[in-house]
Amino acid sequence: MGRAAVAVAVPVDETRIRMSSLWRDGARRLLRNRLALAGGIVVVLLCLVAIFADFLAPLPYTKSNFGRLNEAPSREYPLGTDQLGRDLLSRMIYGARVSMLVGLGAQVIVVLIGVPIGALSGYLGGRMDIFLTRFIDVMYAFPRLLFVILVMSALGAGLMNIFIAIGLTGWVGIARQTRAQVLAIKEKEFVDGARALGAGFGRLLACHILPNALTPIVVAVTFGIPEAIFTEAALSFIGVGINPPTPSWGQMVGEGQQYIRSYWHLCVFPSIAIAITMLSFTFFGDGVRDALGPKLK
Amino acid sequence: MKILPIADAQVDLLAERLRAVGVGRREFLKLAAGLAAMGPAGFNAQPVAAAPKLAPGEKLAKDQTFRYGGGGWWQDDPTSHDFNKDLYCNGAPALFAGLMKFNADHQSVLYVASKVSSSPDGSQWIFTIRKDSKWSDGSPCTARDFEWSWKRQLDPASAAPYAAFLYDIKNAQAFNKKEITDPSQVGVRAKDDWTLEVMLEGPRGYFPVLAAFLAALPAHRASVEKHADKWTEAANIVCNGPFVLETWQHGKVMVLRKNKHFFGAKDVTLDTVTIPIIPVASGALPYENNEIDLTSLQTGDLKRLQSSPKTVEEVFRYPFPGTWYLIPQVTKPPFDNVKVRRAVAHAIDRANIVKVAQGFAIPAHAMIPPGFPGALDDPKVKAIQHFDPKLAMAQLRGTPFEGGKNWPKITLTMRDEALGSKPLAEAVQSVLLEHLNMRTDLEVLEPRVFRERLWKQDLQFVWIRWFMDYPDPHNEYFDTFYGKKTTGRRQAWVNDAFDKELEAGRDTSNTRKRMAHYAKAEEIMQTDVGYIPVAWMVRYAAAKPNVRGIEKNRQGEFVVEANVYVDMLPHLYMIEKA
């Protein structure tokens, strides 16, 4: 009995040591990657802008000035005004809030749906696995954007509904990743050990398997965020995303693009914002992937 | 901008003209009583178009080819050119000629008909048809063709979606709704080849106006019977207008050629008209690349073309009878409270809102835009919903929303379309937030979904437009707001006094009295805030310097093809480029 207890305790300890050093290693590698670091800094800045939009924006995003429509950038309006005479800079600052909310909010839903389904499928195996994998395959086969538009037209426009629409369609990738990881990890000896010690189904999954499957999930989430931001931008661009007057970058590009030959600033600045955000997240995501799981490359 | 439709001076002029051609005072009264929008031009046989007027040094171009489109003109492939079945088929109207047509002043004037007269009360009309009226295959286009075409539209088997436009004809509605099955009971009859008799459900002063509308264009019986729905394909179509359809590459381009059998062919100068089908998003690019000679402009391009010395001379404004307005749904809170509706009406800062449209809209204080029959320039009407933020806030006193507080969630809904609709709606949101602290969400719905929910009166607050179909207040009030309408009613608001005025307007033949009924209706609707007029549309177009013959209206504005006037092409001609 005593021998068995020791034999089990060791791998658990080892896991903790390996994990903490894995994260520390990861952080070190991430910091050394300059592109990823730059991306990370921009991401943090964007988050701060989104959180403190109320203090940063020079004007409320609804404040229109009908005497100053479509003005090019000036000292008073650093990025110019839009077709309602609203300050473009203020609207872009508030737009960051929508983008960040969508990016993070949608990923929460994605993780909440994708991880349990993937984990169950991988862990239970058998018929349940076949059923869930086929379901995942079916969901995967839908063209993503079309499906999102479909969900949006059923639910109506709005921030919450964008979370739901992206969440409902975005979870399949993560579910697959999780399933693959769980399949591999559940065969490991420490899992047997934990089971032998009497750990139940829930505890096994939550405390032993999932923590070890976390790396690819984290990477998937980091890449999922810009994808969600871009989906929101695309939706708002075609007019099924965020309802005015709430500003969103995609919507601003959509409304501004018809004036591009006359008032270039209306769509150029929000486009730049979207591009920078996408790039930063992608660089950061690349860095995270390289740092945490070089094998994933 | 004081332009009233049937000014006394016009009526007098009309009388004078009639005297000149030997029509007595009594007959004149009979006729004039009904002809709401009919001007002097209608009573003389008119050439289809005036002869080209060349300035010294100008020469008619050898190649009379004219290309136009873009900016919303034919952005989608027409579903057909069968106006007789579907007046919104988006086809080329120049392929057909109706009994009457609208001239540049949007008056109904004679076209295929050479004479029109009515019974004293205006419940019976007789159209005499030109003897040289022909189809493009050379066969005569007679009164029987019109009788057959109108009955085809009303026949339930045709399933024509807008058959209701002919419901003024006796038994038309009953026939269309299958209550009677015998088409001979429908009140339209060819007495002989050249005389069309129309019996109406009652006095309808505006009937010649309806007869000028796209819905009243004829269809060629033999072609319809042979080719069914495919009869307006280029290979099959037989038409009676100034042009024939030479080719129609679906979704790409239509080419029209002058119809040599058209009765006015000698007055038509253009040989070929090319109409490419271009999405509205391409803006003025095709025009600037010299791929088209005339285009309608969108907000994005106007300022640029106007500020370039090369194109500034080519840009001009044209009237486009359309009205933007708000429907506060009286069945949905908070708009079930008339005080709230009044507050909203007074908070609409029209002068500022239209600035967003950058010249494409002017402030509206009523339904009918200036220059059209029934337009109201009355200070009393203007005052009903005038902009006054203090008064707006004051309306809320005693309501749960006093001081602009406690607003429920309010969604402003509009249809997905270009036309600068969205910036205007956002400007409406902006002024409501500013003056009433009323925050609204703007919801843009796909057109079909929008229409379905609109007709269920399921929308809380609607941003919408009405394009005038034919220039008579009956269209702007009855077809839009009549409370007893069973289909296509946009608003839940109903008001008996208002409906009575519309019915009286419909059944009166004295023009001045009719207009008084409609003015009263407008006053009732605005006072009860059944709707809130916001802006009238204005459009801009650009034409290459070698395009000539674009007609001007009485106000001296150029008039191009829009939703009432469709008679542009026969008047155009090209000159040699300088």
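Chain B contains 17 helices and 19 strands, where helices (H or I, at least four residues) and strands (E, at least two) are DSSP runs numbered from the N terminus. The model is predicted: local features need pLDDT of at least 70, side-chain atom pairs count only at pLDDT 80 or more, and totals for chains, interfaces and linings use all residues. Residues are numbered from 1 along each chain as its sequence is written, while chains are lettered from A and ligands numbered from 1 in the order in which they are written.

The C-alpha atoms of chain B occupy a box of roughly 70 × 55 × 45 Å along the principal axes. Of the 578 residues in chain B, 51% are buried. A residue is buried if 20 or more other C-beta atoms lie within 10 Å of its own, exposed if 12 or fewer, and partly exposed in between, with C-beta atoms placed from the backbone. In chain B, 72% of the contacts with a separation of 6 or more are between residues 24 or more positions apart, a contact being two residues whose C-beta atoms, placed from the backbone, lie within 7 Å.

Chain A, in turn, has 12 helices and 0 strands. Its C-alpha atoms fill a box of roughly 85 × 40 × 30 Å along the principal axes. Buried residues account for 46% of the 297 residues of chain A. Of the contacts in chain A between residues at least 6 apart in sequence, 69% join residues at least 24 apart.

The contact between the chains takes 23 residues from chain B and 18 residues from chain A. On the chain B side, helix H8 (299-307), helix H13 (421-436) and strand S15 (440-445) each give two or more residues. H13(B) gives the most, with 7 residues. The chain B side divides into 7 nonpolar, 6 polar and 10 charged residues; Ala, Val, Leu, Ile, Met, Phe, Trp, Tyr, Cys and Pro count as nonpolar, Asp, Glu, Lys and Arg as charged, and the others, Gly among them, as polar.

Within chain A, the axes of helix H6 (residues 144-155) and helix H7 (residues 159-185) come within 9 Å and cross at roughly 140°. Axes are lines fitted to C-alpha atoms, for helices over the stretch in contact, and angles run from 0 to 180 degrees between N-to-C directions. H6(A) and H7(A) are therefore oblique to each other, since angles under 35 degrees count as roughly parallel, over 145 as roughly antiparallel, 65 to 115 as roughly perpendicular and the rest as oblique. Residues in this contact include Phe147(A) and Val151(A) of H6(A) and Ile164(A) and Leu168(A) of H7(A). The contact of H6(A) with H7(A) comprises 9 nonpolar, 2 polar and 1 charged residues.

In chain B, helix H16 (residues 496-507) and helix H17 (residues 511-527) pack at about 160°, with their axes 8 Å apart. H16(B) is thus roughly antiparallel to H17(B). Among the residues that meet are Phe498(B) and Leu502(B) in H16(B) and Tyr518(B) and Ile524(B) in H17(B). The residues of this contact divide into 8 nonpolar, 2 polar and 3 charged.
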